[in-house]
Structure formats: C-alpha cells, structure tokens
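Subject: Structure handover

Hello,

Here is the structure I promised to pass on. Please open it beside this email, and my notes follow below.

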Amino acid sequence: MTLAGELGTGKTTLVRGACRALGVVAPVTSPTYTIGHRYDAPVPVAHLDLYRINQLSAGEWGDLEPYFDGTIAFVEWPQHAGDWLPPVRAAISMGHIDESHRSIRIDGEDDLRL
C-alpha cells in the first residue's frame, strides 16, 4: 500500500492505526531517518518512508526489497521509488483541507472491501 501526500497530512498516523488493526503491539514510529521498520504481527508489517531518498537506485532497492518479503507493506513517499516498487494493491492520497481536516482517496484494482 502506498501513501502519498504533503508533509503533515497524517500518513504515519494512518499507518499507525492500520498496524494496530493488524495486530502490531510494538510502538509504531516514523521511519523517516531509518527508511524502514518491520513489525511482528500475525502477518508481519513493514513501514517504509522514502522521503529522504531522491530517486531510488538499484543498490538502494536491494536494501529495501526484504521489507516486502511476506509482509503487508506501507510505503510513504512512493514517488521517490521510481519503478522499483512491486505492484500496489492500494494507493492512498492524502491532502490538507484545513488545519484540522484531511482528504483521503484510496485507489486500487482489487475489491478491498473498504
């Protein structure tokens, strides 16, 4: 699942809620500086934040690829990955409406029962 949107739109907050719903009990924090976190849950969860990557290279992809192995993966700032990401089941776009409201759009080819 990818999450695109401006800074402060709530991408990490949305991932934190999804992780709780998926059974993650560990603290869920932004991986902005570490690029990725992997959490134990009935199905492991990966959370990647590509904000600090200008354009993903083959070598960087090699470092990130294991995050997608057997996980439910959430990727913030997916546009920085170029064409390296595996097929996306759901693409979430978030935006500011005003200081306390956000817009959320979910696109995907699968019926996600949302």
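Which residues of helix α1 (residues 11-21) are buried? They are Lys11, Thr12, Val15, Ala18 and Cys19. These residues share one side of α1, because they cover an arc of only 120 degrees around the axis. Please keep in mind that this is a predicted model.

The helix pattern has a simple background. An α-helix has 3.6 residues a turn, so residues three or four places apart point the same way. Look at the other side of α1 next. Thr13 and Ala21 are exposed there.

What do the buried residues of α1 pack against? The partners are strands: β1 (2-5), β2 (36-39), β3 (45-49), β4 and β5. Just after α1 comes Gly23. Its phi is positive, about 100 degrees.

Now go to His80. This residue is in the loop between β4 (72-76) and β5 (91-98). Is His80 buried or exposed? His80 counts as buried, because its relative accessibility is 16% and the cut-off for buried is under 20%.

The side chain of His80 has backbone oxygens around it. A polar atom of that side chain lies 2.6 Å from the backbone oxygen of Ile53. For the backbone oxygen of Leu50, the distance to a polar atom of the His80 side chain is 2.8 Å. For that of Tyr51, it is 3.5 Å.

Which residues does His80 touch, leaving aside those up to four places away in sequence? The list is Leu50, Tyr51, Ile53, Asn54, Gln55 and Leu56. His80 and Ser30 are 50 residues apart in sequence. Their C-alpha atoms are 17 Å apart in space.

On to the aromatic rings. A pair of aromatic rings is described by the distance of the centres and the angle of the planes. How many aromatic pairs are there? The count is two. Tyr51 and Trp77 form a tilted pair, with 4.9 Å centre to centre and 55 degrees between the planes. Tyr51 lies in the loop between β3 and α2 (58-64) and Trp77 in the loop between β4 and β5, so the pair ties together parts that are 26 residues apart in sequence. Tyr51 is partly exposed, at 31% relative accessible area. Trp77 is buried, at 11%.

Trp61 and Phe68 also form a tilted pair. Here the rings are 5.3 Å apart, centre to centre, with 40 degrees between the planes. Trp61 is buried, with a relative accessible area of 11%.

Last, the charged groups. Side chains of opposite charge can pair when their charged atoms come close. How many salt bridges does the count give? The count comes to one. The side chains of Arg105 and Asp107 form a salt bridge, at 2.8 Å from N to O. Arg105 is exposed, with a relative accessible area of 52%. Asp107 counts as partly exposed, at 34% relative accessibility.

Best wishes

Definitions and conventions:
Residues are numbered from 1 along each chain as its sequence is written. This is a predicted model: local features need pLDDT of at least 70, side-chain atom pairs count only at pLDDT 80 or more; totals for chains, interfaces and linings use all residues. Side-chain values use heavy atoms; hydrogens and water are left out. Helices (H or I, at least four residues) and strands (E, at least two) are DSSP runs, numbered from the N terminus. Buried means under 20% relative accessible area, exposed over 50%, partly exposed in between (1.4 Å probe, protein chains only). A polar contact is a pair of N or O atoms within 3.5 Å; within protein, one must be able to donate a hydrogen and the other to accept it, and residues adjacent in sequence count only if both atoms are side-chain atoms. Contact means heavy atoms within 4.5 Å. The arc is that of the directions from the helix axis to the C-beta atoms. A salt bridge is a side-chain nitrogen of Lys or Arg within 4 Å of a carboxyl oxygen of Asp or Glu. Rings of Phe, Tyr and Trp (its six-membered ring) pair if their centres lie within 6.5 Å; planes under 30 degrees apart count as stacked, over 60 as edge-to-face and the rest as tilted.
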